[in-house]
Amino acid sequence: MKTVVLDVHSLDEALSETAGVMKTRRGERHARISFATPELLWKVLTAKRWELLKALCGAGPASIRESARRVGQDVKAVHGDVTALLDAGILDRTRDGRIEFPYEAVKVEFLLSAA
């Protein structure tokens, strides 16, 4: 199953992990998209965008119009959400202009600890 992990890591943490992978030459078994703060993650992954990802998860490429139909929203609203998810690197655009969420599963990780 092709999984993407959405997590919260500072730039220093992300660079440290990358250096560790390069040093050991052992990559991760899944894709990872990191956000600098939990607030940024939730700003990008609104409830409507999460619904869109669920509808696209493992479904292959789709047009924005088809995606809007799947989630029962108007095309203009879905277009705005698609743009935000493309900008965040969560969605991909195919050569023919359709959008794709190329994963079959999503895992969200972040730690909330005492200040």
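These questions and answers walk through one predicted model. Local features need pLDDT of at least 70, side-chain atom pairs count only at pLDDT 80 or more, and totals for chains, interfaces and linings use all residues. Residues are numbered from 1 along each chain as its sequence is written, and side-chain values use heavy atoms, with hydrogens and water left out.

Me: Which pattern does the protein chain follow along the sequence?
Reply: Helices (H or I, at least four residues) and strands (E, at least two) are DSSP runs, numbered from the N terminus. The protein chain has five helices and five strands. Read in order, the pattern is β-α-β-α-α-α-α-β-β-β.

Me: How is α3 oriented to α4: roughly parallel, roughly perpendicular or roughly antiparallel?
Reply: Axes are lines fitted to C-alpha atoms, for helices over the stretch in contact, and angles run from 0 to 180 degrees between N-to-C directions. The axes of α3 (residues 47–56) and α4 (residues 64–71) come within 9 Å and cross at roughly 105°. Angles under 35 degrees count as roughly parallel, over 145 as roughly antiparallel, 65 to 115 as roughly perpendicular and the rest as oblique. So α3 to α4 is roughly perpendicular.

Me: Which residues of α4 make the contact with α3?
Reply: Contact means heavy atoms within 4.5 Å. From α3 come E51, L52, A55 and L56. From α4 come S67, R70 and V71.

Me: How far apart in sequence are the parts that D7 and R32 tie together?
Reply: A salt bridge is a side-chain nitrogen of Lys or Arg within 4 Å of a carboxyl oxygen of Asp or Glu. D7 and R32 form one, with the closest N and O atoms 2.3 Å apart. D7 lies in strand β1 (residues 3–8) and R32 in strand β2 (residues 31–35), so the distance in sequence is 25 residues.

Me: Is D7 buried or exposed?
Reply: Buried means under 20% relative accessible area, exposed over 50%, partly exposed in between (1.4 Å probe, protein chains only). R32 has 28% and is partly exposed. D7 has 0%, so D7 counts as buried.

Me: Which strand holds E109, a salt-bridge partner of R32?
Reply: The side chains of E109 and R32 meet at 3.8 Å, N to O. R32 sits in strand β2, 77 residues from E109. E109 belongs to strand β5 (residues 105–109).

Me: Is D96 buried or exposed?
Reply: D96 meets R98 in a salt bridge at 3.0 Å, N to O. R98 is partly exposed at 34%. D96 has 53% relative accessibility, so D96 counts as exposed.
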